[in-house]
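Dear colleague,

Please find below the structure for your review, together with its sequence. My notes on the charged side-chain pairs follow it.

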Amino acid sequence: MSACSNISDSTSETLVTKATKQSQLTLEAIFGDDAYEAKKPGSLHWLDDSSGYTVLETPDNYSDKDEEEEDASKPKDIVLYDPANGERRVLVSAQQLTPEGADEPLAVDDYSWSQDHSKLLIYTNSKKVWRKKSRGDYWVLDLPSEQLSKLGGDAGPATLQFAKFSPDASQVAYVREADIFVEDLARQTITQLSKRSGEHIINGIMSWAYEEEFQILDGFRWSPDGQRIAYWQFDTSGVRNFTLINNTDSLYPTVTEIPYPKVGETISAAKVGTVAVTGGATAWAELPGDSRQMYVPRMDWANSSDKIIVQQLNRRQDRNTVFYVDATTGKATPLFVEQAPHYIFDVEDVHWLEQSGDFLWRSERAGWWHVYRVSEDGVTFTDLTPGDFDITDVAHVDEAGGWLYFMASPDAMEARYLFRSRLDGSGEIEKLTSADMSGTNSYQISEDARWAVHSHQSFMQPPQYRLISLPDHREVAMLEDNAALVAKLSQLTLGEHDFFRVDARDGLPLDGYLIKPPQFDASKQYPVVFYVYSEVAGQTVRDSWAGKRHLWHLYMTQQGYLVASVDSRGSKAPRGRDWRQSVYGAIGVLAARDQSDALSAMAARWSFIDESNVGIWGHSGGGSMTLNMLFRYPQQYKAGVSQAPVTDQRLYDAIYQERYSGLLDEYSDGYTESSPITHAKNLQGQLLLVHGTGDDNVHYQGSERLVNELVRLNKPFRFMAYPNRTHAVVDKEGEGTELHLGTLRARFFDEHLRQQ
């Protein structure tokens with residue numbers, strides 16, 4: 001019997017009985033009502049002395065305090081909690097955060113303390129720059145005097161970025177209109193430290209490409225003695241602008257231009273230097289080579305105020321040279337070189353060990369992503385996380401206690417656990433996450449490593465947040481258990497899920513998950529919908545709660561579908577350097593083959609998979625892979641939803657695409673072969689193409705080019721353009737967006753994977 005005849009019996013019960021209909025998910029509840037939204041504690045900051053942590057809380061006397069939904073515009077107290085005894089104390093009241101003459105307190109987006117905790121820096125009125133809220137207003141609260149002062153002098157509203165106290169809290173530095181300023185809090189004077197020579201010069205902030213691909217926004221650093229500031233400067237001249245057109249928000253179109261270096265095009269010239277806080281000339285680092293063929297992805301002070309440490313990455317991104325740079329002369333001295341077979345997997349700041357002058361460095365030089373202790377002269381490297389496994393994150397460095405805390409999962413690629421090892425390289429690695437916390441864990445650890453806020457989640461469990469003690473991992477208090485959401489989920493009729501492995505054609509094991517429908521019957525056949533990403537930047541097979549996307553998958557299982565996902569080789573799974581680098585120059589080729597192999601292996605193992613009714617969907621890189629599967633393996637995939645895809649790799653940004661695909665003049669044939677649009681002629685199944693017209697990351701341009709190609713080939717397909725939505729395609733960009741897209745996707749699969 002075919003799967004489809006099992007799935008849709010038109011007017012009757014559609015796979016579910018009347019009883020189970022009472023416990024069905026609806027798309028309106030998932031996307032429209034946010035009825036299954038998980039809660040989390042507000043912004044939490046451990047104090048430097050580990051005496052407690054502070055959080056934002058609505059005052060007890062606020063009239064709407066019992067409202068379930070949190071709102072950043074509500075008044076907030078900053079509350080201090082003592083982890084040892086649970087004592088709660090209002091450290092800064094909402095009343096103290098009310099400017100003179102104002103009716104309401106400041107709406108706090110974020111805050112930071114001075115080192116001596118005598119002053120508080122408040123970030124408010126935040127606005128988006130690219131896709132993150134990095135511009136707004138800053139206020140300083142002097143706690144002894146309770147004086148609240150706005151920074152920036154006569155600056156207009158929401159014009160400051162990245163404000164930071166000097167080490168002694170006497171000054172605050174910030175960026176205004178792409179230049180760096182220092183404000184003396186006592187004298188109320190403002191000194192401009194950099195001066196743009198044109199719109200193409202930006203100081204103290206990142207270019208679009210650096211923000212997106214090197215995950216860095218803040219472009220300046222205070223020296224430890226507070227006498228100088230080190231900063232980035234970008235020259236975007238020669239970088240061609242990409243134009244975004246908004247046709248709907250006004251009578252005539254509005255235009256936004258972003259300097260966006262595509263593959264093979266001119267990139268921004270980046271340089272770093274230091275300047276005295278009293279003003280004067282900048283001492284620029286004398287880095288070698290052509291700045292238009294190099295990146296400077298990381299820079300900071302080198303554990304002193306005499307020199308900075310700078311990382312210079314070549315354009316191919318397979319060689320990262322680390323320099324010491326004299327802070328007053330700019331003289332650059334090479335320290336060591338990090339070399340990779342094809343590309344440097346990631347770049348991160350070094351962490352200085354103040355007591356020794358050594359620093360911590362992450363590298364996959366031995367085949368796995370590990371943390372090394374490096375001598376100040378760059379000669380001696382000691383592996384602090386030895387073994388055939390990747391670490392996925394550094395959770396904390398406790399220099400006083402002599403411990404490195406890190407995240408890893410050597411035996412289960414879908415999970416994450418906390419470990420620690422000795423900073424001197426001695427002893428054995430210890431796993432700290434308790435055995436009953438299988439799944440995904442993360443930690444916000446106090447400075448002395450005695451306490452942590454622990455987040456735990458798994459495939460079917462929303463995040464829970466606990467205050468724990470370390471290293472015994474004992475629960476001290478439950479901060480948020482999401483009990484209401486757990487209770488709602490317990491009322492749903494859901495099928496089982498499994499994590500599994502299948503082999504690709506060359507024997508390489510691939511990880512996956514499979515979710516079955518309720519009332520699953522192994523003697524029947526079911527259509528299957530795959531969720532895919534399969535690029536180096538992400539991993540889909542995770543034992544974690546995936547929010548609305550996961551709920552949509554559960555909804556589809558309730559409609560009678562199997563839902564599955566497989567991580568192809570090269571994905572961001574902790575499986576070592578060879579796994580990641582194997583797809584170099586062939587992004588989309590080998591990964592697509594793995595997806596095809598996985599489907600074949602799954603169908604051979606499980607007879608309940610209906611191979612004649614296979615769907616696939618994904619977003620961004622997953623949108624590209626969806627196209628690859630429909631175009632490269634049309635005999636296997638009947639329908640696909642491709643959201644915000646890169647259809648031609650030459651259209652994407654240079655940093656990301658050249659890192660994994662090579663330089664265009666060396667790998668031009670690879671770019672052609674790896675791009676989905678090259679294989680559009682093979683389309684046989686049903687395609688729904690979705691893109692936001694305001695996508696500043698993966699440009700709408702790519703989908704338009706694919707539309708033209710499909711039209712030329714006379715291939716039928718469906719296309720949904722969301723006006724002015726950016727890459728995420730979410731509700732904050734237009735009311736009802738997520739519900740509409742979730743419904744569109746579900747109906748598309750219903751139409752093409754069910755027997756009519």
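I begin with D358, which counts as buried because its relative accessibility is 17%, and the cut-off for buried is under 20%. Please bear in mind that the model is predicted.

The partner of D358 is R373: the two form a salt bridge in which the closest N and O atoms lie 2.9 Å apart. This pair links distant parts of the chain, with D358 in the loop between β24 (351-352) and β25 (359-363) and R373 in strand β26, 15 residues apart.

A second pair is formed by K307 and E376, whose side chains meet in a salt bridge at 3.9 Å, N to O. Here too the pair links distant parts of the chain: K307 belongs to strand β21 (residues 307-314), while E376 sits in the loop between β26 (370-374) and β27 (381-383), 69 residues apart. K307 is partly exposed, with a relative accessible area of 22%, and E376 also counts as partly exposed, at 36% relative accessibility.

The side chains of E199 and R196 meet in a salt bridge as well, at 3.7 Å from N to O. E199 is exposed, its relative accessible area being 69%; it counts as exposed because the cut-off is over 50%.

Salt bridges also join residues into a network, which links D506, R569, R593 and D594. In total, the structure holds 33 salt bridges.

With kind regards

Key: Residues are numbered from 1 along each chain as its sequence is written. This is a predicted model: local features need pLDDT of at least 70, side-chain atom pairs count only at pLDDT 80 or more; totals for chains, interfaces and linings use all residues. Side-chain values use heavy atoms; hydrogens and water are left out. A salt bridge is a side-chain nitrogen of Lys or Arg within 4 Å of a carboxyl oxygen of Asp or Glu. Buried means under 20% relative accessible area, exposed over 50%, partly exposed in between (1.4 Å probe, protein chains only). Helices (H or I, at least four residues) and strands (E, at least two) are DSSP runs, numbered from the N terminus.
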